[in-house]
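This report describes a structure with two chains, one topic at a time. Please keep the sequence and the 3D view open while reading.

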Amino acid sequence: MPTEIDRHDVLRLLAGGAQLVEVLPAEEFEEEHLAGAVGIPLRELAQKAPAELHRDRPVTVYCYDSA
Amino acid sequence: MSPRAAWRLESLGFTDVYDYVGGKADWAAAGLPVEGRAATATRLGQLARSDVLTCGLAETVATVRSRLGDHEAAAVVNDERVVLGLVRAVDLGDDGERPVAEVMREGPSTYRPNLTAAETAPRLEGKKVARVVVTTSDGRLVGIADPDHIRDAAGT
């Protein structure tokens, strides 16, 4: 079950080498994203995540405000 | 959509998955760094002077007056640097023994550090705002920006 976290946890995870993924559409990622994030839109996640993300490292996902 | 993304990743065999619930909105409002096309716009976080004079609720008018020096105002904050008020030199009055809490302006309007100058300038239009208090989304002082600098950066 995914763990819900706040920004302090995000900073701690990033410092420990976690991957940070924005799942909004590519257009919104290009406009603005968290420093250090990669963009994989939700609809492309199943196709791209296995190749672009490491399964053995923590992954943090985010969107605009989780809605 | 991030909860769905997190669950989908788990279904794909990822075992250590986190959902940053606050997302982009929370991150930017806390003044944390962003990248991308929009990241080049001038934001209040950059325009706010961080060398703002601060004081506590219980400090006396006399103490604050002596520290104000050339500053026209001080932000009244608690130990967590959360902004509780604003006190201007002209508000201090003659009674040096009074605590600042009695003469400060309560709950000043505050602005988030991720607002661009272009977004903020119209909001200041027609208001007599001498200083723009910039705080994070949880109320902590980032600094104070000069409205003229905001208008300059916005090109208005």
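## Terms and numbering

Two strands pair if DSSP finds at least two bridges between them. Helices (H or I, at least four residues) and strands (E, at least two) are themselves DSSP runs, numbered from the N terminus. Strand β7 (residues 110–111) of chain B, for example, pairs with β8(B) in the parallel sense over 2 bridges, and T110(B) stands opposite V133(B) in β8(B).

This is a predicted model, in which local features need pLDDT of at least 70, side-chain atom pairs count only at pLDDT 80 or more, and totals for chains, interfaces and linings use all residues. Residues are numbered from 1 along each chain as its sequence is written, while chains are lettered from A and ligands numbered from 1 in the order in which they are written.

## Chain B as a whole

Chain B has 6 helices and 9 strands. Its radius of gyration (taken over C-alpha atoms) is 20 Å, well over the 15 Å that the globule rule gives for 156 residues, so chain B is more spread out than a compact globule. The globule rule is 2.2 Å times the number of residues to the power 0.38. Along its principal axes, the C-alpha trace of chain B spans about 70 × 35 × 25 Å.

Of the 156 residues of chain B, 37% count as buried. A residue is buried if 20 or more other C-beta atoms lie within 10 Å of its own, exposed if 12 or fewer, and partly exposed in between, with C-beta atoms placed from the backbone. Two residues are in contact if their C-beta atoms, placed from the backbone, lie within 7 Å. Among the contacts in chain B with a separation of 6 or more, 58% come from residues 24 or more positions apart.

## A sheet built from both chains

Strands of a sheet pair through backbone hydrogen bonds, either parallel or antiparallel. One open sheet of 5 strands has the order β1(A)-β1(B)-β5(A)-β2(A)-β4(A), with parallel pairing. At the edges stand β1 (3–5) and β4 (38–39) of chain A, each with a single partner strand, so one side of each is left without a neighbour in the sheet. The partner β1 (residues 17–20) of chain B pairs with β1(A) over 3 bridges, and Y20(B) is the bridge partner of I5(A).

Helix α1 (residues 7–15) of chain A lies across β1, β2 (19–22) and β5 (59–62) of chain A together with β1 of chain B, and runs at about 140 degrees to β1(B). Helix α1 (residues 2–11) of chain B also packs on the sheet, touching β5 of chain A together with β1 of chain B, and its direction makes about 175 degrees with that of β1(B). Axes here are lines fitted to C-alpha atoms, for helices over the stretch in contact, and angles run from 0 to 180 degrees between N-to-C directions.

## Where the chains meet

In total, 31 residues of chain A are in contact with 34 residues of chain B. The elements of chain A that each supply at least two residues of this side are β1, α1, α2 (26–31), β3 (33–34), α3 (45–52) and β5. Away from the sheet described above, what is the sense of pairing between β3(A) and strand β2 (residues 34–35) of chain B? The two strands pair in the antiparallel sense over 2 bridges, and V34(B) is the bridge partner of L34(A).

## The nonpolar cores

A nonpolar core is a set of buried Ala, Val, Leu, Ile, Met, Phe, Trp, Tyr and Cys residues joined through C-beta atoms within 7 Å. The largest has 29 residues, and those with the most contacts inside it are A75(B), V87(B) and V134(B). The elements giving two or more residues to this core include α4 (61–68), β4 (73–77) and β5 (83–88) of chain B; β4(B) gives the most, with 5 residues. A second, separate core of 27 residues includes V10(A), V59(A), F14(B) and Y18(B).

I144(B) lies in strand β9 (residues 141–145) of chain B. Why is I144(B) classed as buried? I144(B) is buried because 25 other C-beta atoms lie within 10 Å. Not counting residues up to four places away in sequence, I144(B) touches several residues, including A48(B), V52(B), A75(B) and V134(B). I144(B) and A75(B) are 69 residues apart in sequence and 8.8 Å apart in space, C-alpha to C-alpha.
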